[in-house]
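Keep the model open while you read. We go from a loop to the strands, then to the core and a cavity.

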Amino acid sequence: MTAPQVVVHRDKELMAQAAAARLITKIVDAQAARGSASVVLTGGRNGNGLLAALAASPARDAVDWSRLDLWWGDERFLPEGHADRNVTQAREALLDTVELDPARVHAMPASDGVNGGDVDAAAEAYAAELARAARPENHGAVPSFDVLLLGVGPDTHVASLFPELPAVRETERMVVGVRGAPKPPPVRISLTLPAIRAAREVWLLAAGEDKARAVTIALSGAGELQAPAAGAYGRSRTLWLLDRAAAAGLPRELYPPASP
């Protein structure tokens with residue numbers, strides 16, 4: 001478990017731009033070191049904001065997009081192309097504007113795919129895809145993602161791991177079907193905490209005053225069952241990227257005075 005580092009930016013726009021710059025650097029460094037890079041994307045306003053900022057950045061051309069594997073931390077179990085699917089929003093924000101290798105874009109199954117409406121079978125299929133991509137040196141049945149991005153919900157949920165629900169208690173499976181999610185749609189697919197913790201770095205994004213309570217709870221020693229964000233950490237680094245509104249409840253000593 002890595003101790004969280006907290007960086008606070010002036011507002012959500014600056015936070016998105018700074019996170020995009022960090023991500024470009026991390027991808028380029030990974031590609032230089034290992035030939036390729038792997039990133040787990042997140043949806044929601046902060047995840048999509050980061051992707052839009054990345055699309056607008058001239059530095060995006062430093063990335064060899066054909067040598068980037070993209071995965072998702074969770075997905076709404078809806079038909080392919082549905083506007084509320086995370087992959088649909090990611091394509092609109094960034095993916096359709098860069099030259100990715102389609103074989104390296106690993107979207108989670110849709111509800112009208114080969115598994116039909118069986119969310120558990122869809123989750124098993126994604127777990128199998130992750131296992132095929134894992135290498136002997138990786139930690140478990142998932143690749144060692146270079147960066148895994150997570151948005152933090154007002155209730156402290158990350159991916160589709162909600163407080164007290166069965167998915168956040170999972171300790172063996174890497175991917176699970178989620179039913180009864182407290183925000184629509186109720187049926188989803190999600191990586192579990194063991195899969196999240198296989199990442200080299202986990203970055204948690206939160207902006208806005210509606211996230212302040214969740215951020216404070218998660219960084220104040222709460223348990224992961226009550227606050228799933230508290231259980232999300234990387235093997236080498238755990239980074240919380242916040243704006244001032246989301247950080248309003250944190251003690252000032254938790255983040256450096258230089259945070260812009």
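Start at Phe77. Beyond its neighbours within four places in sequence, Phe77 is in contact (heavy atoms within 4.5 Å) with Pro109, Ala110, Ser111, Gly116, Gly117, Asp118, Val119, Ala122, Val187, Arg188 and Ile189. The model is predicted: local features need pLDDT of at least 70, side-chain atom pairs count only at pLDDT 80 or more, and totals for chains, interfaces and linings use all residues. Residues are numbered from 1 along each chain as its sequence is written, and side-chain values use heavy atoms, with hydrogens and water left out.

Phe77 sits in the loop between strand S4 (74–76) and helix H3 (86–93). Helices (H or I, at least four residues) and strands (E, at least two) are DSSP runs, numbered from the N terminus. Phe77 has a relative accessible area of 8%, so it is buried. Buried means under 20% relative accessible area, exposed over 50%, and partly exposed in between (1.4 Å probe, protein chains only). Pro186 is 109 residues from Phe77 along the chain, yet their C-alpha atoms are separated by 8.5 Å.

Another loop gives a contrast. Glu209 lies between S8 and helix H6 (212–218). Its relative accessibility is 71%, so Glu209 counts as exposed. Glu209 and Ala133 are 76 residues apart in sequence and 38 Å apart in space, C-alpha to C-alpha.

Now turn to strand S5, residues 147–151. Is it enclosed or open? Five of its five residues are buried, so S5 is largely enclosed by the rest of the structure. In a regular strand the side chains alternate between the two faces of the sheet. In S5, Val147, Leu149 and Gly151 point one way, Leu148 and Leu150 point the other way, and all are buried.

S5 has pairing partners. Two strands pair if DSSP finds at least two bridges between them. S2 and S5 pair in the parallel sense over two bridges. Val40 has Leu148 of S5 as its bridge partner. Strand S8 (residues 201–206) also runs parallel to S5, joined to it by five bridges. There, Val147 has Glu201 as its bridge partner.

Next comes the core. In soluble globular proteins, nonpolar side chains tend to be buried together. A nonpolar core is a set of buried Ala, Val, Leu, Ile, Met, Phe, Trp, Tyr and Cys residues joined through side-chain atoms within 4.5 Å. The largest one here has 88 residues, and Trp72, Leu191, Trp240 and Leu242 have the most contacts inside it. H1 gives the most to this core, with eight residues. Take Leu242. Not counting residues up to four places away in sequence, Leu242 touches Val6, Val7, Val8, His9, Met15, Ala206, Val215, Ala247 and Leu250.

Helix H1 also holds Gln31. Gln31 has a relative accessible area of 5%, so it is buried.

Finish at the cavity. Which residues line the largest cavity? They are Leu23, Ile27, Val39, Leu41, Leu51, Leu54, Trp65, Leu68, Leu70 and Leu94. Helix H1 (12–34), strand S2 (37–41), helix H2 (44–56) and strand S3 (68–72) are the elements that give two or more residues to this lining. A cavity is a set of points on a 1 Å grid over the protein atoms alone where a 1.4 Å probe fits but cannot get out; lining residues have an atom within 4 Å of a point. The volume of the largest cavity is about 50 Å³, the space filled by probe spheres set on the points.

How values were computed
1 Å grid on protein atoms, 1.4 Å probe; cavity = no way out; pocket = protein on both sides within 12 Å on 5 of 7 lines; lining within 4 Å.
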